[in-house]
Amino acid sequence: MTTQCLLDAKEALETLNHKAILSIYAEDFIFEDVPAGLRITDRAGLEGYFSNLFCLPGVAFADVRIFDGGDFAVLEWTWSGTHRKTGEAYHVRGVSVIELRGGKIARESIYYDPSSAL
């Protein structure tokens, strides 16, 4: 059975709801965007990250698949949008490696190749 916060994460990504995504993280969390070299440990930083991401031109998340292993999980996803400079569409496949604690995300590290989106 899939953990509720993972289902909530999937819905928040697909609906681009940065407020809803904040509620799935534990009070004491770590969020890492590994390709960007970002490490966020505070709610204001996390809200800013997702708010900025979700307002990119044409942004969407699709093909979100959940692999729930109890205390650890992986979300596979496709991030798409419109390149700001060229106006061309891009599609980026990526994964989120997640550690769960008390039904919330305690740690999330995301991995993807950003070259087509830059």
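Me: What is a disulfide, and how many does a search of the whole structure find here?

Reply: A disulfide is a covalent bond between the sulfur atoms of two cysteines. To count as one, the pair of cysteine sulfur atoms must lie within 2.5 Å. In this predicted model, a search of the whole structure turns up zero disulfides.

Me: Then let's look at cysteines. Is Cys5 buried or exposed, and what about Cys55?

Reply: The idea is to compare relative accessible area with two cut-offs: under 20% is buried and over 50% is exposed. Cys5 has a relative accessible area of 5%, so it is buried. Cys55 comes out at 54%, so it counts as exposed.

Me: Now the sheet. In what order do the strands lie?

Reply: Reading across the open sheet, the six strands go E2-E1-E6-E5-E4-E3, with mixed pairing. The edges are strand E2 (38–40) and strand E3 (60–68), each pairing on one side only. On average, neighbouring strands are turned by 15 degrees against each other, direction ignored.

Me: How many bridges join E3 to strand E4?

Reply: Seven, and E3 and E4 (residues 72–82) run antiparallel. To see one of the pairs, pick Asp68: its bridge partner in E4 is Ala73.

Me: Which strands does helix H1 touch, and which ones does helix H3 lie across?

Reply: Helix H1 (residues 4–15) packs on the sheet and touches E3, E4, strand E5 (89–101) and strand E6 (104–112). The direction of H1 makes about 170 degrees with that of E3. Helix H3 (residues 43–54) lies across strand E1 (25–33), E2, E3, E4 and E6, and runs at about 50 degrees to E1.

Technical notes. Residues are numbered from 1 along each chain as its sequence is written. This is a predicted model: local features need pLDDT of at least 70, side-chain atom pairs count only at pLDDT 80 or more; totals for chains, interfaces and linings use all residues. Side-chain values use heavy atoms; hydrogens and water are left out. Buried means under 20% relative accessible area, exposed over 50%, partly exposed in between (1.4 Å probe, protein chains only). Two strands pair if DSSP finds at least two bridges between them. Helices (H or I, at least four residues) and strands (E, at least two) are DSSP runs, numbered from the N terminus. Axes are lines fitted to C-alpha atoms, for helices over the stretch in contact, and angles run from 0 to 180 degrees between N-to-C directions. Contact means heavy atoms within 4.5 Å.
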